[in-house]
2 protein chains.
Amino acid sequence: MTDLDRFDRQLLNLVQQDAALTAEQLAEHVSLSASAIQRRLKRLREQGVIQRQIAVLDAAAVGQPTTFIANLQVESERPELMARLRAWLDAEAAVQQAFYVTGEADFVLVVTSWDAVSYEALMARLLADNPHVRRYTTQVAMGVLKRGLVLPVPQ
Amino acid sequence: MTDLDRFDRQLLNLVQQDAALTAEQLAEHVSLSASAIQRRLKRLREQGVIQRQIAVLDAAAVGQPTTFIANLQVESERPELMARLRAWLDAEAAVQQAFYVTGEADFVLVVTSWDAVSYEALMARLLADNPHVRRYTTQVAMGVLKRGLVLPVPQ
DNA sequence: AATGAAAAAAACGGACC
DNA sequence: GGTCCGTTTTTTTCATT
């Protein structure tokens, strides 16, 4: 872990909420000059602490996609099959998140799709391309209460 | 749904990947002038299609938090209890995502926490503050294969 | 109504101390 | 880390379709 001082942690919490804040606006909350803040943000980006900046869209505005949560069970956990699945999931834009978990399922996926039909088509391809995926169950999200990627950074 | 033309959809797909691109850089992919692109982005922000811009952090760099997936079962789905739970989840920074789902569980939460102890403490508070939450099961993420919020916007 | 080009204003990114 | 200053980017304005 990179060591982050109090200023870094403050900045990280702020830019996780709003990455469009200017250095000057950030300076109102962090007692540093705008230049110092820019230097720190640049360093945090270079170190990879800040991986990227993204725009978060309103789901309704881009066509009311439905969120599905898929629980996968796999037969084998051989590294090359894992790598293949990982690559498959990465390439699939509809897959928002993928976790390798303990418990009943082996993987939990968060998938957005236009409807049940296109979701089933996606999962059919997943099974076809990854033979070691044995089966899956699905939960359909009737509502999304919260949707973010914020990692709380303690001050 | 706001109607979005081909240019808007192109821009949305680009800024979901990288919100730090300048208008001039975007102009290399979208056949519009930088001015037109900035006007469109401004409009998309004002319309709420682009809800916000956020920085995505490297989880490892901010202290190796663990991701937990909690499946909640609630006793009652009365609107005021739902609203209370929603507010509770919103206020809790460790809760990254919350879905109201069909199937066995009623809610699926994606939670990041420093360790099992702080996760259990969080869930204990959740139960204490929301009496209609009957029980929950937990899946612990051993690995995060993918982590994003991209909504594919068809061209 | 929306575009492209050109102007003004703001923000950024080094070099310096 | 703060200040200064040239450069880049955004924002506003304006003429054009």
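Author: Over all chains, this predicted model holds four aromatic pairs. Rings of Phe, Tyr and Trp (its six-membered ring) pair if their centres lie within 6.5 Å; planes under 30 degrees apart count as stacked, over 60 as edge-to-face and the rest as tilted.

Reader: Why is the pair of Tyr100(A) and Phe107(A) called tilted?

Author: The ring centres of Tyr100(A) and Phe107(A) are 5.2 Å apart and their planes meet at 35 degrees, so the pair is tilted. Tyr100(B) and Phe107(B) also have centres 5.2 Å apart and planes at 35 degrees, so that pair is tilted too.

Reader: What makes Phe107(B) count as buried?

Author: Its relative accessible area is 0%, and buried means under 20%, exposed over 50%, partly exposed in between (1.4 Å probe, protein chains only). In chain A, Tyr100(A) and Phe107(A) are both buried.

Reader: Which ring does the charged end of Arg6(A) sit over, and how do you know?

Author: It sits over the ring of Phe7(A), 5.0 Å from the centre. The rule asks for NZ of Lys or CZ of Arg within 6 Å of the ring centre and within 35 degrees of the ring normal. Arg6(B) lies over the face of Phe7(B), at 5.0 Å from the ring centre.

Reader: Now the DNA: what makes the contact of Arg39(A) with DNA strand D a polar one?

Author: A base nitrogen of DNA strand D is 2.6 Å from an N or O atom in the side chain of Arg39(A). A polar contact is a pair of N or O atoms within 3.5 Å; within protein, one must be able to donate a hydrogen and the other to accept it, and residues adjacent in sequence count only if both atoms are side-chain atoms. For Ser35(A), the distance from a side-chain N or O atom to a base nitrogen of DNA strand D is 3.4 Å.

Reader: How do you know that the two chains are related as by a two-fold rotation axis?

Author: Chain A can be laid on chain B by a turn of 180 degrees and a shift of 0.0 Å along the axis, with an RMSD of 0.1 Å. The two copies are thus related as by a two-fold rotation axis. The superposition is by least squares on C-alpha atoms of residues with pLDDT of at least 70 in both.

Reader: And the conventions?

Author: Residues are numbered from 1 along each chain as its sequence is written, and chains are lettered from A and ligands numbered from 1 in the order in which they are written. Local features need pLDDT of at least 70, side-chain atom pairs count only at pLDDT 80 or more, totals for chains, interfaces and linings use all residues, and side-chain values use heavy atoms, with hydrogens and water left out.
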